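Trainee: Before we discuss this protein, could you set the sequence and the model side by side for us?

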Amino acid sequence: LVHESKETAAGDIFPFRNVSLDWSVRVDDLVSRLTAHEIIDQMAYGGGWDAGVTPPIPRLSILPYSWGTECLRGDVSENSTGFPQAINLATTWNKQLVKAVANATAYEVHAHYNLFTKEGLYGVHRGLSCFSPVVNIMRHPLWGRGQETYGECPYLTGMFAIYFVHGLQGPSTARYLNTNAGCKHFDSHNGPENIPVSRFSFDAQLSEYDWRSTFLPAFHACVNAGSYGIMCSYNSINGIPSCANNRLLTDILRQGMNFTGYVVADDDALVSIHTDHHYVQTNEDAAIVALQAGVNLELSDSPEATMFELLHQAYDEGKINNQTLIQRVKPLMYTRMRLGEFDPLEMNDYNKIPMNIIQCESHRNLARQTALQSFVLLKNHGNFLPIRNPSVFRNVLFLGPMSNNPVQQYGDYSPIVDPYYVTTPLSSLQDSFANTSYNEACLDGARCLKYNQTDIIHYLKSNRFDLIILSLGTGPDIESEGNDRATMNLPNNQ
């Protein structure tokens, strides 16, 4: 007999809330109390839209849970400390620094979570389960998401993955996780986004050697680091969609790498199994094949686009069995349990993290230190840098669309950064010189599709400058998720 409380009929707490029991015993007890249809709902609503959360289970006093949180280099979509983009983290060559960035991010994510929990707010970016880090290999330089990666080296990417996972999750010996990592996108995902074909239908053709030597090692490193989550990708691998790929998700990941966590399908990846890859005949088939291959949790753009909801009918018709559902939901409940959800609040020190840690001085100093270490100096002719005597440059020009464009310099997947703490080349350096001028040159910002070369040439001829600081680049207007670069050249006339 189960009542709508934390207690059993005998007056004792449910075993899954008994902190003296082993984790496995608690998980088994919790899952044994769920119906098959409750399990399906826990797997179907991983988020993807603003209000997307797993539904509560009132009779067990289980609250909703927000799975969809992004922690690439700061608490994405929240007012948080902004750290350099992942590709810049790679250029630091500093594992401990990368770990520190992940750890600072985790503390700010948990601070927001504590506030949201107190206010009873749920939804995207309000949980503790990070869809980070991105450990894909940047093999193609035109890929719009290359900036989110650590570059082209499988070894370096794997090493940074280990330290980032440790930074997000905290000490492996601790009772609770600070946040949990979720390495993505598994596997062989390095573009395209939209050029020349859609990422939703792309089929990565690769040899067994290339697969195992290039694209799998970083994920193996994530698993060895203890990552609780892995996100399967949109693309197919040699004709089989990643999120329906039994060899990838079961044979390689769970048996070969000994992964015991949860696999979450990328946003709308399950519907793409049918509509874009044409791997199965119906949406229900897509849900079934993904479940059987090893997917535990689905992201989708809306409740109506949730394929796992179709498992309700499949279960009633005997197409899937209860044991498979139990196996798939256990890693989800174990993760939530290790994040402290079912224990008294006072037992978990992470629940005491205050909001004043957001963009605190130590985190801003860490962001500054990371930015300094990420600079790449290609050439320093005549040891011109550093500029030791700014006074010799009487007239200085800041030229180019990135000279004073903070939104573009953030990159994709940026936190919402307090403008008070943001600097640009112009704002940070203009006070170092006696007389400075600024000309964006491009009339439409980073896209640089509107540009009058004659005017710029005339401007430079009619003004004498002792030093020109030129700031060029792409920014998310040119390359980002869903948006590949069409050319290796700088945008248009830059």
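This is a predicted model: local features need pLDDT of at least 70, side-chain atom pairs count only at pLDDT 80 or more; totals for chains, interfaces and linings use all residues.

Mentor: Residues are numbered from 1 along each chain as its sequence is written, and side-chain values use heavy atoms, with hydrogens and water left out.

Trainee: What area do domain 1 and domain 2 bury between them?

Mentor: The domain assignment, with bounds from an automatic or database source, gives domain 1 as 15-357 and domain 2 as 377-470. Their contact (heavy atoms within 4.5 Å) takes 17 residues from domain 1 and nine residues from domain 2. Counting buried area as the accessible area (1.4 Å probe) that two parts lose on being put together, summed over both, with 52% of it here on carbon and sulfur atoms, the value is about 920 Å².

Trainee: Which residues have the most contacts inside the largest nonpolar core?

Mentor: A nonpolar core is a set of buried Ala, Val, Leu, Ile, Met, Phe, Trp, Tyr and Cys residues joined through side-chain atoms within 4.5 Å, where buried means under 20% relative accessible area, exposed over 50% and partly exposed in between (1.4 Å probe, protein chains only). The largest such core has 117 residues, and its largest share, nine residues, comes from helix α4 (residues 95-119). The residues with the most contacts inside this core are Ile273, Val295 and Phe308.

Trainee: Is Asn180 buried or exposed?

Mentor: Asn180 lies in the loop between α5 (154-169) and β1 (182-186), helices (H or I, at least four residues) and strands (E, at least two) being DSSP runs numbered from the N terminus. Its side chain makes a polar contact of 2.6 Å with the side chain of Ser129, and, leaving aside neighbours within four places in sequence, Asn180 is in contact with residues including Leu128, Tyr228 and Thr335. At a relative accessible area of 0%, Asn180 is buried.

Trainee: How many residues apart in sequence are the parts that Arg247 and Glu208 tie together?

Mentor: Arg247 forms a salt bridge with Glu208, the closest N and O atoms being 2.6 Å apart. Arg247 counts as partly exposed at 34% relative accessibility, and Glu208 is partly exposed as well, at 35%. Because Arg247 lies in helix α8 (residues 246-256) and Glu208 in helix α6 (residues 208-215), the sequence separation of the parts tied together is 39 residues.

Trainee: Which residue forms a salt bridge with Arg336?

Mentor: Arg336 is buried, with a relative accessible area of 1%. Its side chain meets its partner at 2.7 Å, N to O, and that partner is Glu341.

Methods. A polar contact is a pair of N or O atoms within 3.5 Å; within protein, one must be able to donate a hydrogen and the other to accept it, and residues adjacent in sequence count only if both atoms are side-chain atoms. A salt bridge is a side-chain nitrogen of Lys or Arg within 4 Å of a carboxyl oxygen of Asp or Glu.
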